[in-house]
Amino acid sequence: MGGHPFYRFCRSALEDIRKQGRYRQFTPLARQADRFPVYEQGGDVQAVAAADGREVVVWSANDYLGMGVEPAVVEAAIAAIREHGAGAGGTRNIAGTSPLHAALEAELADLHGKEAGLLFVSGYVSNQASLQAILTSMPGWICFSDRQNHASMIAGIKGARGASCVIFEHNDLADLEAKLAAAPKDAPKLIAFESVYSMDGDISDIAATCALARKYGAMTYLDEVHAVGLYGPEGAGVARRDGVADQVDIIEGTLAKGFGVHGGYVTGSAELIDYLRSVASGFIFTTALPPSVVAAALASVRLVRRESW
């Protein structure tokens, strides 16, 4: 196997990555649920498992509120495993939909003031699958994408065969309007952007972006993954904080950051969500989130909404 040209390519590419200082080295860390954000670090996997490494405080984790170690969230996961088992047993089309999945989707839709929601196995997949499905639905789609959009959004846009992508400068509404004005009036248009951008932490002007969308007949797709749980009433995100969530067509979020668990989702109109449920390959062809994850996420979202302080 090692003689195939691909393996030679791998060795050469990895050597170049090392020379450039971009080689990724995992740091063995064992999270301590009762002392978060304290972790225990060891020199290897065995050391971590034995919990004999030095203590490290990790400030780079995405569990911003510590909801992943909240007792009520942990107990919800344990109870779901006892009642339903460790896994979902298959895709929701094959193995059925748990009441937990339906309850969480309804909770997330209500959180964002939308008619319906759809769960995905991760925030990355929710972006990739949803954008690809939307942008391949009709001929002639033009997607206007912020230059700083997340890799998952870019993957979904690039994967949409037949759709065009126009990149506008980061948070530059004048540039966005110029490019919207230059596009064919009758082409279906989608503006894809984020509320809180992951690289710099800056925030978009959602109201002004939605105003441009109305002016030029475009739909809006907003990624709120770094905002849910942290901003607005009940942790609903920046769009709700700014009072403009109802102006956004599609709001996407994650359960793995502010809510401290795992999974991604999109919310929108009932017909849009039904369409994605029916055609998005990233939803159809993968095993559903385990009941324990869904139960924990549901408990977390409800707790954050109830205790918004």
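Biologist: Does cysteine 143 count as buried or exposed?

Modeller: Buried means under 20% relative accessible area. Cysteine 143 has 0% relative accessibility, so it counts as buried. Keep in mind that this is a predicted model.

Biologist: And how does cysteine 165 count, buried or partly exposed?

Modeller: The relative accessibility of cysteine 165 is 40%, so this residue counts as partly exposed.

Biologist: How many disulfides does a search of the whole structure find?

Modeller: Start with the idea. A disulfide is a covalent bond that joins the sulfur atoms of two cysteines. Here, the search of the whole structure gives 0 disulfides. Take cysteine 143: its nearest cysteine sulfur belongs to cysteine 165 and is 5.4 Å away. A disulfide needs the two sulfur atoms within 2.5 Å. Cysteine 143 is therefore in no disulfide. Cysteine 165 is in no disulfide either, and its nearest cysteine sulfur is that of cysteine 143.

Biologist: Now the whole chain. How many helices and strands does the protein chain have?

Modeller: The protein chain has 13 helices and 10 strands.

Biologist: What share of the residues counts as buried?

Modeller: Of the 309 residues, 45% are buried.

Biologist: How do I read the contacts with a separation of 6 or more?

Modeller: Look at how far apart the partners are in sequence. Among those contacts, 67% are between residues 24 or more positions apart.

Biologist: What about charge? How far apart are the mean positions of the positive and negative charges?

Modeller: The chain has 27 positive and 35 negative charges. Their mean positions lie 6 Å apart.

Biologist: One last residue. Where is proline 290 found?

Modeller: Proline 290 sits in the loop between α12 (281-284) and α13 (291-306). Its relative accessibility is 25%, so proline 290 counts as partly exposed.

Biologist: Which residues does proline 290 touch?

Modeller: Leave out residues up to four places away in sequence, and proline 290 touches Ala86, Gly87 and Ala88. Leucine 190 is 100 residues from proline 290 along the chain, and their C-alpha atoms are 32 Å apart.

Technical notes:
Residues numbered from 1 in each chain as written. Predicted model: local features only at pLDDT ≥ 70, side-chain atom pairs only at ≥ 80, totals over all residues. Heavy atoms only, no water. Helix = DSSP H or I, 4+ residues; strand = E, 2+ residues; numbered from the N terminus. Buried < 20%, exposed > 50% of the residue type's maximum accessible area, 1.4 Å probe, protein only. Contact = heavy atoms within 4.5 Å. Lys, Arg positive; Asp, Glu negative; His and termini not counted. Charge placed at Lys NZ, Arg CZ, Asp CG, Glu CD.
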